[in-house]
There are 2 protein chains.
Amino acid sequence: MENKKYIKIAYKEALKAYKKGDIPVGCVIVKNDKVIAKAYNKKEKNKIATYHAEILAINKACKKLKTWHLDDCILYSTMEPCIMCSGAIIQSRIKKIYYSVSNKNFGNIENNKIFKNNKYEIKKIENKQIFYLIQKFFQNIR
Amino acid sequence: MENKKYIKIAYKEALKAYKKGDIPVGCVIVKNDKVIAKAYNKKEKNKIATYHAEILAINKACKKLKTWHLDDCILYSTMEPCIMCSGAIIQSRIKKIYYSVSNKNFGNIENNKIFKNNKYEIKKIENKQIFYLIQKFFQNIR
């Protein structure tokens, strides 16, 4: 139940990215059942290559907690994180990653040996709204 | 010759990180033989998990050029970039990566299939000062 609540908040973030023309990805970081950071993909809007939702959410969480050690946090992303964001998750020591839609081309969670070999908790949380939003975004582009 | 000049600028950035207690890594981004961004590792100083030299330099370069497409840029790093920073390089479309010291535990350039399969130009540029600086940093920690 809680997971569905948080992935829904991530969806609302993704919607913001969608409205501004960015690939609709949203991210929420939770600690002790509280949202401590949320962000959405701003790569196109801000013209910065690293401004994926997960990077921006991790930055916000570090600022809020005044530490880069996010060990006890859970990261919710609407989409499977890419290589860069997977690396950022490793850097931040977040050990629980819940996401909704797989990213076959650029995703880096499902087949990542570091996650498999180090007891990361990785879960897929189904959410049809997220799936349809991404589908709609790529249909519009084509 | 030019490469040695730019890696030396990256070394000077790494020195700044060293003086502030961070792992001494510096990064320089060059376009058309001009330095357009330079940065050093600020992870400990700023307490932000993603504040590696390469990420900060890529962010600065995007801001300077007002685009996330850094296709024609060269990235110089004193150390082999990690997974996160390799992912950021991919996101930014930088295709030339020159670095000085290998990172056996956390480096993600030398064995990265994406770089191997996509004609990235990757070079090691020897610089003894960089090697000794990193050595000194880790000796001080132990």
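Me: What phi does B:N32 take in the hairpin of β1(B) and β2(B)?

Reply: The phi of B:N32 is positive, near 45°. Two residues lie between the strands of this hairpin. This is a predicted model, in which local features need pLDDT of at least 70, side-chain atom pairs count only at pLDDT 80 or more, and totals for chains, interfaces and linings use all residues. Residues are numbered from 1 along each chain as its sequence is written, chains are lettered from A and ligands numbered from 1 in the order in which they are written, and side-chain values use heavy atoms, with hydrogens and water left out.

Me: What makes β1(B) and β2(B) paired strands?

Reply: Strands are DSSP runs of E with at least two residues, and helices are runs of H or I with at least four, numbered from the N terminus. Two strands pair if DSSP finds at least two bridges between them. β1(B) and β2(B) are joined by six bridges, so they pair. They run antiparallel. B:G26 stands opposite B:Y40 in β2(B).

Me: How do you know that β1(B) also pairs with β3(B)?

Reply: Count the bridges again. Strand β1 (residues 26-31) and strand β3 (residues 73-79) of chain B share five, in the antiparallel sense. B:V30, for one, has B:I74 as its bridge partner in β3(B).

Me: Why are β2(B) and β5(B) called edge strands?

Reply: The sheet of chain B is open, with five strands in the order β2-β1-β3-β4-β5 and mixed pairing. β2 (34-40) and β5 (121-124) each pair on one side only. Neighbouring strands are turned by 15° against each other on average, direction ignored.

Me: What makes α3(B) a helix that packs on this sheet?

Reply: Contact means heavy atoms within 4.5 Å. α3(B) touches β1, β2 and β3 of chain B. Its direction makes about 140° with that of β2(B). Axes are lines fitted to C-alpha atoms (for helices over the stretch in contact), and angles run from 0 to 180 degrees between N-to-C directions.

Me: Why can one word describe how α3(B) and α4(B) run?

Reply: The angle settles the word. Under 35 degrees counts as roughly parallel, over 145 as roughly antiparallel, 65 to 115 as roughly perpendicular and the rest as oblique. Helix α3 (residues 53-65) and helix α4 (residues 83-92) of chain B pack at about 20°, with their axes 9 Å apart. They are therefore roughly parallel.

Me: What is the hand of the crossing of α3(B) and α4(B)?

Reply: It is left-handed. That name applies if the near helix is turned anticlockwise from the far one by less than a right angle; clockwise would be right-handed. B:E54, B:I55 and B:I58 in α3(B) meet residues of α4(B), including B:M84 and B:I89.

Me: Which classes make up the contact of α3(B) with α4(B)?

Reply: Six residues are nonpolar, one is polar and one is charged. Ala, Val, Leu, Ile, Met, Phe, Trp, Tyr, Cys and Pro count as nonpolar, Asp, Glu, Lys and Arg as charged, and the others, Gly among them, as polar.

Me: How do you know how α4(A) runs against α4(B)?

Reply: Helix α4 (residues 83-92) of chain A packs on α4(B) at about 155°, with the axes 7 Å apart. The pair is therefore roughly antiparallel. The crossing is left-handed. A:G87 and A:A88 are among the α4(A) residues in this contact, and B:G87 and B:A88 are among those of α4(B). The contact divides into eight nonpolar, four polar and no charged residues.

Me: What is the area that chain B and chain A bury between them?

Reply: About 2,100 Å², with 67% of it on carbon and sulfur atoms. Buried area is the accessible area (1.4 Å probe) that two parts lose on being put together, summed over both. Chain B gives 25 residues to the contact and chain A gives 25. B:W68, B:I83 and B:Q91 supply 28% of the area that chain B buries, more than any other three residues.

Me: Why can α1(A) and α6(A) be given a direction word?

Reply: Their axes come within 10 Å and cross at roughly 15°. That makes α1(A) roughly parallel to α6(A). The crossing is left-handed. A:Y11 and A:L15 are among the α1(A) residues that take part, and A:L133 and A:F137 are among those of α6(A). By class, the contact has eight nonpolar, two polar and two charged residues.
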